[in-house]
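Let's take a walk through this protein together, with the structure open beside the text. We will begin with some helix packing and move on to the sheets, the ligand and the overall shape.

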Amino acid sequence: MTHPVIGWERETPVPNHVFNDFLSARDGRLYFEDLDLAQLFIGGRQDQGLGKLLPSPLEVVYLPKIRQKVEQMRQVFADVFAEVGYTGRFHYAYATKANTAEEVVRTALGVGAHYEMSSRVDVEIVRLMKGAGRLPPERMVIANGFKAAGMAYADNLVHLKSVHDNLIPVVEDLTELPPLIESGLQFDVGLRQKSYGHHQTEAEMEAANSRFGLRLADLWKAAEAIAAAPNLRLKLYHAMVGSQITNDRDFVARLKPTIEIYARLRQRHPDLSIFDFGGGMPVPMTLDFQFDYHAFVRLLLTTLQEVCAHHNVPVPDVMGEFGRYTTAEHGAHFFKVLTVKDNGSALSWYIIDGSIMTSFPDTWALSEHFILLPLNHLDKPFQRVQLGGITCDSDDVYPPKPSQSPLYLPVESKDLYIGFFCIGAYQEMLGGVRGSKHCVLPEAVELLVDRDDDSQYQFQIIPGQTAQDVMHNLGYAVPVDTIW
Ligand SMILES: Cc1ncc(COP(=O)(O)O)c(C=O)c1O
């Protein structure tokens, strides 16, 4: 039986070894690209400019990865456009819900991504980014999420339009149209198809139990209302069909009915020019991941060409809203193994100095797997173990309870540091930032890593929470200097 591969699966030491395109073992230490990770806690063999040791636990935000992901996806589309002679353009939008941290949004915008948003606070973030010169006028802001009349989000979008013209509200529900029409402002709008789920035909799609988007009858109604409104223009058709879809044929098969609808809509509404397949682009979170991005894009573009030719309409520009894809790999979270507990359980418990379940909520909520590797002692023998977080919660374990994936870590546990990788999408947002967490564990110190123009590492340390911060959040009046 196959299982997600989360790390080293042998008892033998790891030789110099490449785990994936950014993690490798060299002389017993783990590297993230060129960055020696063990140096963060026990010092480096070469000076990479950090200048000090850091406390554990530690979150690492590796910003160059975000730029790489955007550029790689652009390259995939450019390659396939040339190969199949596609005449539309590609638009990369960053779905900020995956990770809305300032440094992440700033980095994605810095490499030219459009901004996909989902709520009223996003509007404020866009305003700030705009003010800071990070969001040029030609950049599209795509507003998804519920925004019915009377909601602050709907009002904020109308305000935003006067600051940033290239704003495209995507209508989820017929109740979202009146505020746009009544604003009197000239809006390009999108329509979101009810399309989320595992379906292959229009009938299955219509029958799906999904709260997102418009069913077909309402989609046509909305398109007619937009055509009748003097200040609205239908520009974008949105069809998101799922998340982390790791089979390219399945992905396009789910999109196929929506491509048909796009073409029919385009026949009646000639301003329509963007097919937005939303999110769902898969990304490696474990070491067994396989997905051929070129094959997916080839199949998507040739399907668009065929269907559009059949309906005698031009091919659209293609947009993707990349959340997980943009951010999963840039985030890592490191812990120290505090103790090894052999209490008669089949496998030893390695207990770490933080919480797995609050740091990565998807491990217990969805039994999600992430890569887990030691940062040091890779050149020593390994044994099969289980990992326990420091909370009192029986779900604070890894691998997740129903998992069949074996976890091996070095037998040598003195000064052993471990890292969870590919946790940069959704985990921090779901766990909450700067809140107070399970068993009142404070939030870790954060290390932002970037590279300068000469490829030298640059570091910025963001302090973690103090006991006072945590208690203050919970309503305790903590006199200064009374914490031990
Ligand atoms: C409308 C919309 N777009 C994009 C995304 C991002 O999806 P992913 O993280 O799979 O890229 C989501 C995720 O829920 C979404 O709801």
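Helices here (H or I, at least four residues) and strands (E, at least two) are DSSP runs, numbered from the N terminus. Axes are lines fitted to C-alpha atoms, for helices over the stretch in contact, and angles run from 0 to 180 degrees between N-to-C directions. Two residues are in contact if their C-beta atoms, placed from the backbone, lie within 7 Å. Helix H5 (residues 152-163) lies across strand S8 (141-143), strand S9 (167-171) and strand S10 (187-192), and its angle to S9 is about 155°.

Before going further, please keep in mind that this is a predicted model: local features need pLDDT of at least 70, side-chain atom pairs count only at pLDDT 80 or more, and totals for chains, interfaces and linings use all residues. Residues are numbered from 1 along each chain as its sequence is written.

S6-S7-S8-S9-S10-S11-S12-S13 form a closed barrel of 8 strands with parallel pairing, and the twist averages 30° from one strand to the next. Two strands pair if DSSP finds at least two bridges between them. S12 and S13, for instance, run parallel and are joined by 3 bridges; Ile-274 has Asp-317 as its bridge partner in S13.

Is Gly-280 buried or exposed? Gly-280 is buried, because 21 other C-beta atoms lie within 10 Å. (The cut-offs are 20 or more other C-beta atoms within 10 Å of its own for buried, 12 or fewer for exposed, and partly exposed in between, with C-beta atoms placed from the backbone.) Leaving aside neighbours within four places in sequence, Gly-280 is in contact with Met-240, Val-241, Gly-242, Ser-243, Ile-245 and Phe-251.

The ligand comes next. Of the 16 residues around the ligand, Ala-95, Gly-279, Glu-321, Gly-323 and Arg-324 come nearest; a residue counts as near if its C-beta atom, placed from the backbone, lies within 6 Å. Strand S13 (317-322) and helix H11 (324-327) each supply at least two residues of this shell.

Another strand worth a visit is S5 (residues 58-62). Since 5 of its 5 residues are buried, S5 is largely enclosed by the rest of the structure. Leu-58, Val-60 and Tyr-62 point one way from S5, while Glu-59 and Val-61 point the other way. S5 runs antiparallel to strand S14 (residues 331-341), with 4 bridges joining them, and Glu-59 has His-333 as its bridge partner there. With strand S21 (residues 445-451), S5 pairs in the parallel sense over 5 bridges, and Val-61 is partnered by Leu-448.

Finally, step back to the whole chain, which has 15 helices and 22 strands. Its radius of gyration is 24 Å, close to the 23 Å that the globule rule gives for 484 residues, so the chain is as compact as a globular protein of that length. The radius is taken over C-alpha atoms, and the rule is 2.2 Å times the number of residues to the power 0.38. Of the 484 residues, 42% count as buried.
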